[in-house]
Amino acid sequence: MGLLFAAKKTELPDGHAKVVIVNGRRIALCNVGGQFYAIEDRCSHDNGPLGEGTLSGKLLECPRHGAQFDVTTGKPVTLPAVVPVRRYEVKIQGDDLLVEIPHD
Ligand code: FES
């Protein structure tokens, strides 16, 4: 697959998360102080919509049961989630945010 367009930088202000669909995958894009991160939009606890959660610093809180994930690693830092979510590389090209989609 490779690098695919996900969003314009201007669509994602600092401190916000946004759900995008890239090549059929639901991805939560996050702006943490001007750095951009992407994790899958599906909580590893019970499939909660992570991208609709609240971002505090680099922690994204699942809106269903409140597990927090570090968006820079995809790892959960609070219960009830214990399994990491998938993380994607984000590249900036001009005003565009691109996400690296693996071939699998
Ligand atoms: S579904 Fe995310 S914490 Fe339960």
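The structure holds zero disulfides, a disulfide being a pair of cysteine sulfur atoms within 2.5 Å. This is a predicted model, in which local features need pLDDT of at least 70 and side-chain atom pairs count only at pLDDT 80 or more, while totals for chains, interfaces and linings use all residues. Residues are numbered from 1 along each chain as its sequence is written, and side-chain values use heavy atoms, with hydrogens and water left out.

**Cysteines**

Select Cys30 first. Its sulfur lies 13 Å from the closest cysteine sulfur, in Cys62, which is too far for a bond. Cys30 is buried, at a relative accessible area of 0%; buried means under 20% relative accessible area, exposed over 50%, and partly exposed in between, with a 1.4 Å probe and protein chains only. Then select Cys43, which is also buried, with a relative accessible area of 3%.

**Nonpolar cores**

Next, display Ile39, Leu50, Leu55, Leu60, Phe69 and Val71, the residues with the most contacts inside the largest nonpolar core, which has 15 residues. Such a core is a set of buried Ala, Val, Leu, Ile, Met, Phe, Trp, Tyr and Cys residues joined through side-chain atoms within 4.5 Å. Strand 3 (25-32) and strand 4 (35-40) are the elements that give two or more residues to this core, and strand 3 supplies the largest share, three residues. Helices (H or I, at least four residues) and strands (E, at least two) are DSSP runs, numbered from the N terminus.

A second, separate core has 14 residues, including Leu29, Ala38, Val90 and Ile101.

Return to Ile39 and show its surroundings. Leaving aside neighbours within four places in sequence, the contacts of Ile39 (heavy atoms within 4.5 Å) include Ile27, Ala28, Leu50, Leu60, Val71 and Tyr88.

Strand 7 (residues 68-70) pairs with strand 8 in the antiparallel sense over two bridges. Select Phe69 again: its bridge partner in strand 8 is Pro76.

Finally, select Pro80, in the loop between strand 8 and strand 9 (87-88). Pro80 is partly exposed, at 32% relative accessibility. Not counting residues up to four places away in sequence, Pro80 touches His45, His65 and Ala67.

Note on methods: Pairing = 2+ DSSP bridges.
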